Amino acid sequence: MNRGKIPAHLIKKSTPIGRVGFMFLDEESIDYEFQKELGEYQCSLFIHSDHIGTLKDDIDTLLETTASEVRSNQQIFKSYPYEILHGGSVQKYFDIVGFKAEPGDMLLKAKTKAHFRDRKTGLLKPNPIKVLDPQGNIMKSVPYTLKGSRAKITYNLFPWSFGGKAGVRCSLHEVNFIELKEFVSEVNVEDASTPSQKVDTGEYGINK
């Protein structure tokens with residue numbers, strides 16, 4: 001059956017290479033979000049400002065189109081799956097993740113549910129994502145100590161609207177590590193404000 005042309009935003013694409021800041025990528029990790037019924041995989045990627053153009057344009061265009069279709073007498077609240085860093089946010093994330101990005105860089109926030117509920121049986125079923133090492137092999141465990149490694153994300157975009165709000169979700173499908181390295185904080189140990197324990201990092205794995 002011909003279902004017509006697939007909308008461009010639903011076609012899976014690959015991001016430019018960036019540096020992994022936050023990740024909850026497997027159920028064995030202590031950082032997996034167990035408190036949510038369906039669970040959630042997350043990966044946030046710091047992408048250099050020189051490489052964000054097409055990705056940012058795709059998201060912005062889709063969000064503007066979605067917002068224009070919302071009927072509201074008030075100004076539409078727009079929710080983006082990314083943040084463009086400035087001096088203050090560069091310092092904020094340096095304090096949280098332990099390494100520095102630059103003003104103008106993008107922090108892309110990708111996520112997907114770790115399970116889905118079968119409509120017929122009501123049972124939860126796994127919704128796995130692929131995580132690949134630099135040789136293309138599937139990684140069964142992804143410890144948080146690999147944050148800061150270089151990677152690409154396979155994603156697609158999902159627009160949504162509710163009430164006076166409109167947004168675009170960046171759906172996570174695959175993480176492909178380009179370079180794996182054990183994380184070493186750039187924060188001076190003596191005056192570090194990086195948490196020594198896991199903290200509540202919010203909806204997208206970041207503090208807002």
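Predicted model: local features only at pLDDT ≥ 70, side-chain atom pairs only at ≥ 80, totals over all residues.
The pairing of β10 with β11 is antiparallel and runs over 13 bridges. One of the residues involved is Asn156, whose bridge partner in β11 is Ser171. β10 and β11 form a hairpin with two residues between the strands, and in this hairpin Gly163 takes a positive phi near 60°.

## The nonpolar cores

The largest nonpolar core has 35 residues. Those that touch the most other members are Leu25, Leu108, Val131, Leu172, Val175 and Phe177. β11 gives the largest share, six residues. In soluble globular proteins, nonpolar side chains tend to be buried together.

Leaving aside residues up to four places away in sequence, Val131 touches Leu25, Asn137, Ile138, Met139, Val142, Val175 and Phe177. Another core, of ten residues, lies apart from the largest one; Phe22, Phe46, Leu85 and Ala101 are among its members.

## Aromatic pairs and charges over rings

The model has five aromatic pairs. One of them joins Phe99 and Phe183 in an edge-to-face arrangement, with 6.3 Å from centre to centre and 65° between the planes. This pair links distant parts of the chain: Phe99 is in the loop between α2 (87-97) and β6, while Phe183 is in the segment after β11, 84 residues apart. Phe99 counts as buried because its relative accessibility is 2%, under the 20% limit. Phe183 has 23% relative accessibility and so counts as partly exposed, a class that lies between 20% and 50%.

Both rings also belong to one aromatic cluster, formed by Phe22, Phe46, Tyr93, Phe99 and Phe183. Phe22 and Phe46 are also members of the ten-residue core. Lysines lie over two rings. Lys147 is over the face of Phe183, at 4.6 Å from the ring centre. Lys100 lies over the face of Phe94, at 5.4 Å from the ring centre.

## The chain as a whole

The protein chain holds two helices and eleven strands. Read from the N terminus, the order of elements is β-β-β-α-β-β-α-β-β-β-β-β-β.

The chain has 208 residues, of which 41% count as buried. Among contacts with a separation of 6 or more, 70% are between residues 24 or more positions apart. The chain exposes about 12200 Å², and carbon and sulfur atoms supply 51% of this area.

Definitions and conventions. Residues numbered from 1 in each chain as written. Heavy atoms only, no water. Core = buried A, V, L, I, M, F, W, Y, C linked by side-chain atoms within 4.5 Å. Buried < 20%, exposed > 50% of the residue type's maximum accessible area, 1.4 Å probe, protein only. Helix = DSSP H or I, 4+ residues; strand = E, 2+ residues; numbered from the N terminus. Contact = heavy atoms within 4.5 Å. Pairing = 2+ DSSP bridges. Phe/Tyr/Trp six-rings, centres within 6.5 Å; stacked < 30°, edge-to-face > 60°. Lys NZ or Arg CZ within 6 Å of the ring centre and 35° of its normal. Areas by Shrake-Rupley, 256 points an atom, 1.4 Å probe, with all protein chains shown as cover.
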